[in-house]
Amino acid sequence: MDRYNLAVIGATGAVGQIFLSILEQRKFPINKLRLCASDRSLGKKISFKGSDHCIEPITDNLLSDSDFVFISASSEVSLNTAPRAAELGAIVIDDSSAFRMDKTVPLVVPEVNAEDLGHHKGIISIPNCSTTPLTMVLYELGKLAKINRVIVDTYQSVSGAGSRAVRELDSQIHASYKDINIKASIHPHQIAFNVIPQIDSFDESGYTNEEIKMVNETKKILHRPDLKISATCVRVPVKIGHSEAVHVEFNQPVSMEDATSKLAAAGGISIIDRPASSQYPMPIDCEDKDDVMVGRLRTDVSSPNGLALWLSCDNLRKGAALNAIQIAESIISKSLI
Ligand SMILES: NC(=O)c1ccc[n+]([C@@H]2O[C@H](COP(=O)([O-])OP(=O)(O)OC[C@H]3O[C@@H](n4cnc5c(N)ncnc54)[C@H](OP(=O)(O)O)[C@@H]3O)[C@@H](O)[C@H]2O)c1
């Protein structure tokens, strides 16, 4: 079996750390692994498969020595690094929003649109962590009838904003019990014991950039530029796991039984739907799990063609690191490298 040289940029971050553990769990065929982060972390050692790897600076030498470059740092780092890495012959799999809407860059969830990898030009983007589980569910439901409209409200964990946001939630909870002044720096308000209906900044339409990303990315991945979709994205004081309340309107009625069996048969989706015994997806149960968990399926009382559901998904795994690794695995299996 061929083995590959990998560079992981952002290896010390929330996504980067999970990324390394998934590489190990899935026995990704690695020849050489090189790790990068910011200058603050240069020289720091990270253990992988029992041996220490030093954090290195991003150089042309490192990029040209890599078959795959995974970037989980920031849009700025991606904009500075990805085109150069692709020019030097690597395949870049990028977690940031920098290239997602670029027409020449495939935006991929392998269960949904792996065929889009066929026209990659060196850079492939992964979607926003709330978009990925939504598209997986809509893709399956769209096999039953045409979807006309989607309304989605998210309940996004703090790890979606990086490892500093997780530490901030911890310190705010601690401060509140010690009666110390609570400071907010990552989010616009205190997140402990609160929910914040703002992720990223607002544009002139009144939507946030996070909401607009969900709308545009969903249309691109599903190849449905005509899809009517509206999102409200909310940060909640959960450490890991994003949840979504999704209302789907079809062009004809779809039975709950058909919807449930279609979703249950899909790869990467688990159904947890026994409301009588209070069993439904919750972020606390999806942490460290690969599947998107779906439940609370019901016919929408307000629309004969409507279906409502609830989902939870580990944002650091399927929402980021796992999706990126599955893209690399698809590229290898399709001989696109
Ligand atoms: N968190 C999620 O659920 C999620 C989901 C999908 C996509 N993403 C995307 O993934 C990326 C990383 O997110 P995260 O949550 O892991 O953030 P994070 O926890 O804040 O980690 C950021 C990482 O980037 C590194 N970094 C910062 N500046 C750098 C530079 N100039 N050069 C090289 N590396 C640099 C940091 O290194 P130091 O440790 O040295 O600072 C750290 O390793 C973002 O683009 C984010 O939008 C995140």
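K32, R34, E56 and D65 are linked in a network of salt bridges, a salt bridge being a side-chain nitrogen of Lys or Arg within 4 Å of a carboxyl oxygen of Asp or Glu. The model is predicted, so local features need pLDDT of at least 70 and side-chain atom pairs count only at pLDDT 80 or more, whereas totals for chains, interfaces and linings use all residues. Residues are numbered from 1 along each chain as its sequence is written, and side-chain values use heavy atoms, with hydrogens and water left out.

- Domain 1 gives 16 residues to the contact and domain 2 gives 15 residues, where contact means heavy atoms within 4.5 Å.
- Between them, domain 1 and domain 2 bury about 1,300 Å², with 62% of it on carbon and sulfur atoms; buried area is the accessible area (1.4 Å probe) that two parts lose on being put together, summed over both.
- On the side of domain 1, M101, E111 and V112 lose the most area to domain 2, and together they make up 37% of what that side buries.
- The count between domain 1 and domain 2 is 1 salt bridge.

**Salt bridges**

- Side chains of opposite charge can pair when their charged atoms come close.
- A search of the whole structure finds 15 salt bridges.
- One of the pairs is E87 with R84, whose side chains meet in a salt bridge at 2.5 Å, N to O.
- Both E87 and R84 lie in helix 3, 3 residues apart, which is about one turn of the helix; helices (H or I, at least four residues) and strands (E, at least two) are DSSP runs, numbered from the N terminus.
- E87 is exposed, with a relative accessible area of 59%, while R84 counts as partly exposed at 30%; buried means under 20% relative accessible area, exposed over 50%, and partly exposed in between (1.4 Å probe, protein chains only).
- E217 lies in helix 7 (residues 209-222) and R100 in the loop between strand 6 (91-94) and helix 4 (110-113), so this pair ties together parts that are 117 residues apart in sequence.
- The side chains of E217 and R100 meet in a salt bridge at 3.0 Å, N to O, and both residues are buried.
- The side chains of D226 and R224 also meet in a salt bridge, at 2.9 Å, N to O.
- D226 is partly exposed, with a relative accessible area of 45%, whereas R224 counts as buried at 17%.

**Buried parts**

- Helix 5 (residues 131-141) is largely enclosed by the rest of the structure, because 10 of its 11 residues are buried.
- The buried residues of helix 5 include P133, L134, M136, V137 and E140.
- S72 lies in the loop between strand 5 (68-71) and helix 3 (75-87), and S72 is buried, with a relative accessible area of 16%.
- Leaving aside neighbours within four places in sequence, S72 is in contact with I9, G10, V15 and D95.
- S72 and S96 are 24 residues apart in sequence and 6.6 Å apart in space, C-alpha to C-alpha.

**A nonpolar surface patch**

- Y280, M282 and I284 make a nonpolar surface patch of about 280 Å². Patches are made of residues with over 30% relative accessible area and no salt bridge, like charges being joined within 9 Å and nonpolar side chains (Val, Leu, Ile, Met, Phe, Trp, Tyr) within 5 Å; accessible areas come from the Shrake-Rupley method with a 1.4 Å probe, and for residues only the protein chains shown count as cover.
- Y280 is found in the loop between strand 11 (269-271) and helix 9 (283-286), and Y280 counts as partly exposed at 30% relative accessibility.

**Positive phi values in residues other than glycine**

- K27 has a phi near 55°, a positive value in a residue other than glycine.
- K27 lies in the loop between helix 1 (14-25) and strand 2 (30-36), and K27 is exposed, with a relative accessible area of 66%.
- F193 has a positive phi of about 60° although F193 is not a glycine.
- F193 is found in the loop between helix 6 (163-177) and helix 7, and F193 counts as exposed at 55% relative accessibility.
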